[in-house]
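Reader: I would like to learn how to read aromatic pairs in a model. Please start with the structure itself.

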Amino acid sequence: MLIGFVSLCASVCADEPYIYVLGVAQDAGYPQAGCFRPHCMRGWEDRNERVTASAIAVVTESESYLFDATPHFPDQTYRLSRQAPHARLSGIFLTHAHIGHYTGLMHLGREVMGTRAMPVYAMPRMKSFLEDNGPWSQLVTLENIDIRSLTAGSSVVLSEVRVTPFLVPHRDEYSETVGYRIDGPNHSAVFIPDIDKWDRWPKSIVDVVRDVDYALLDATFFADGELPNRAMSEVPHPFVEESMMLFDALPDDQKSKVIFIHMNHTNPMLDPDSEASHIVETAGFRIAREGMRLDL
């Protein structure tokens, strides 16, 4: 299950903005702590098999922006610096307050990087959560981060790229949850790593897919029954099987826009050679892999 680096850019396009996929697993990465079942043992026994938590970067001519700060922040920012040494890390956009999406912020503090006013873009509840709870509040007090307020539906312009957050239904214990629309000069994308079932969202995900060039969508679980001895209704996500049925009527050129991301350690799609990966790709969809590049 060696995860190789994949490029979707036909030529070197250093001057044009692009999305770079840094991680594709659920919050805890692969393998997950406490899992010693056969599907996890490959990762424990071979570091090349390991996969980091879901995150992407937008890279422009001179800057880069992270979308989510994962527990694998050190590894991901290192790989980003190797991929785009010309692009200074200039901000972080957060989706919500589940552990795989914001806890990497700890590396910005004085114990590690000691950054000065790193822009962190957050919705109102997410902003309050960081400001009112330690240790995150120390990042604010010491001015390691500068929280920039987001409003659903209002865009932030970053050089040649426009970023627009939108609310999605999820388990919002500590913050609201957003996805992002990312518009570049030539192409557009949506990034929705976490959402409850599609029918709980007032928007049509089919229409959303039609309206962009890339749709990086929640693929936490491949199918029902994936978590033994646990009711999967406790952690609602669109099963990949459900999503494929929902998109089944789309023509092939629309299906290929769908790129599944945020896979739990139990999801067989983490293995590029698995039957599940074959089923998804044969149906015309794509699966996010670390190192994937999507031109904007």
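**Aromatic rings and their partners**

Author: Phe247 and Phe285 are both buried, where buried means under 20% relative accessible area, exposed over 50% and partly exposed in between, with a 1.4 Å probe and protein chains only. This is a predicted model, in which local features need pLDDT of at least 70, side-chain atom pairs count only at pLDDT 80 or more, and totals for chains, interfaces and linings use all residues. Residues are numbered from 1 along each chain as its sequence is written, and side-chain values use heavy atoms, with hydrogens and water left out.

Reader: How many aromatic pairs does the structure hold?

Author: Rings of Phe, Tyr and Trp (its six-membered ring) pair if their centres lie within 6.5 Å; planes under 30 degrees apart count as stacked, over 60 as edge-to-face and the rest as tilted. The structure holds 13 such pairs. In one of them, the ring centres of Phe67 and Phe93 are 4.8 Å apart with planes at 5 degrees, so this pair is stacked.

Reader: Which strands hold Phe67 and Phe93?

Author: Strands (E, at least two residues) and helices (H or I, at least four) are DSSP runs, numbered from the N terminus. Phe67 is in strand E3 and Phe93 in strand E4, 26 residues apart. Phe67 has a relative accessible area of 0%, so Phe67 is buried.

Reader: Which residues do ring pairs link into a cluster?

Author: The cluster consists of Tyr65, Phe67, Phe93, Tyr121 and Tyr180.
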